[in-house]
Amino acid sequence: YCETNERDLLINSEFLNEKNIKKAKEIIIKKIEENKAGKKSVKFKLKDWGVSRQRYWGCPIPIIYRKDGEILTVEENELPIRLPDDIELRSAGNPLENHPTWKKTKCPKTGMDAIRETDTLDTFFDSSWYFLRFCSPKSSEEPFNNEELSYWMPVDHYIGGIEHAILHLLYSRFFVRALKFCGKKLPEEPFRKLITQGMVCHETFRTKDNKWIEPKNAIKENGAYWTNQNNKRIEIIKGRSEKMSKSKKNIVDPDSIVFTYGADTARLFMISDSPPEKDLEWSIDGIKAMNKYLEKIYDLLSSKFKFINTFQKDQCILEEEKKAYEFTNNTIYSFSEDIKNYRFNTAVAKLRELSNFLVREKIKGNLFNYCWSIYLRLIYIITPHFSQELVHKSGSDQIIENIEWPLADLSKSSNTKVLIVIQINGKKKDIIKVDENIEKDKLVEIITKNQNDYNISVNKTKKIVFVPKKIINFV
């Protein structure tokens, strides 16, 4: 569906090494066809699309039906068609069809009686081109103009649920290509990159006669569940965890979470629980644990912390100080990379590793202030109220969002060591401590000299997989 970033190159992929995704796909398809194992085909085509809905809140369809049977489009000077304000939503059926006057009109050419189309457009129809309006938000003469379309399009990142990946992309491509056909300066593809986000899930509860019960009303007792209805205790059944929906009543009111634990806690929990593309399992225990974590950091920093922007590395004298400085700057780099690549859950994990390290090492003075200041600047994009409050309590009047993003100082001490796992066919055999930036060939040389110690026969090896700072696997 989408173009990919041409700077993203494949590794550990044999004949596809150093190729971007787009080029790699072409090579793979060509090889499959050469080997007569398959052929390239178009999987999706927009053949039929029902755009109408029998409801009030959609965009009116500009069609009228004349008394003599003619079906006409509404004159351009009558657009946009306005929905009536005096609508009755309690009766069955389409509210617009049941309105006594709105649907009645006259043909402007003949004066003949006519009725309006009472169906409204599917919201997918409207949202299939709205991103183009963002290119020209102040234009009053046209929805978008060519100069601004050329500047802004295509969209860099498209984020949506799975229904968008299947349907909305097809519709958006249809609109963009139709508009391109009509003379608009648009690219062949509307979106560069797609990120399909997961759903938020929660346990379900229902009575024996299959009536859904909200989780907040489910009470657990001695391994069983019950609820209170009309002062009567009713046994209920716990079902599987499913996507939150109003119909199954397995929803959580965000206001209650924000009121009790704060918006920052809710946000930090949601992005730390799982990758954006995976489903999120809602957990009140997870919310409580994240709130406890933030309170721990708040208590630590609210009394003995001074927010600072800069720190000179040469102020580090002790070895543990150098270690803390390097750990903090490594976190700046790895956290920034995770955020840029939508690895939000691992980004939060990096911050927790940093905070645990700083608490454990018990650093003092300006280095303490510097490391924790970096921590607050990084976590600010997730927990802005928490971070800014601590900056304020430290006596500083600085606004974090006005400070430039911290740059990582990745200059290392010469004696920095890491532990690398030695594997044979993916199974751990030993751990070796080596220089952090050791090259693959040098590491293999060290292991070869001591292969009896590691129980590895390097001569029998078909392939060596090396992940810097982590593992080396002899296949």
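**Aromatic rings in our predicted model**

In one of them, phenylalanine 335 and tryptophan 405 are stacked, with 6.2 Å from centre to centre and 20° between the planes. Where do these two sit along the chain? Phenylalanine 335 is in helix 9 (residues 319-340), while tryptophan 405 is in the loop between helix 12 (384-393) and strand 16 (417-424), so the pair ties together parts that are 70 residues apart in sequence. And tryptophan 405 is partly exposed, at a relative accessible area of 36%.

Now another pair. Phenylalanine 368 and tryptophan 372 have ring centres 6.4 Å apart and planes at 55°, so this pair counts as tilted. Both residues belong to helix 11 (residues 365-379), four residues apart, or about one turn of the helix. Are they buried or exposed? Phenylalanine 368 and tryptophan 372 are both buried.

Rings can gather in groups, too: Trp49, Phe124, Phe125, Tyr171, Phe174 and Phe175 make up one aromatic cluster.

Next, charges over rings. Arginine 233 has its charged end over the ring of tryptophan 226, 4.2 Å from the ring's centre. Arginine 352 does this with tyrosine 293, its charged end 4.1 Å from the centre of that ring.

Last stop, the surface. Phe15, Ile28 and Ile32 make a nonpolar patch there of about 250 Å². Phenylalanine 15 is in the segment before helix 1 (21-34), and it's partly exposed, with a relative accessible area of 44%.

Methods. Residues numbered from 1 in each chain as written. Predicted model: local features only at pLDDT ≥ 70, side-chain atom pairs only at ≥ 80, totals over all residues. Heavy atoms only, no water. Patch = residues over 30% accessible without salt bridge, like charges linked within 9 Å, V, L, I, M, F, W, Y side chains within 5 Å. Areas by Shrake-Rupley, 256 points an atom, 1.4 Å probe, with all protein chains shown as cover. Salt bridge = Lys/Arg side-chain N within 4 Å of Asp/Glu carboxyl O. Buried < 20%, exposed > 50% of the residue type's maximum accessible area, 1.4 Å probe, protein only. Phe/Tyr/Trp six-rings, centres within 6.5 Å; stacked < 30°, edge-to-face > 60°. Lys NZ or Arg CZ within 6 Å of the ring centre and 35° of its normal.
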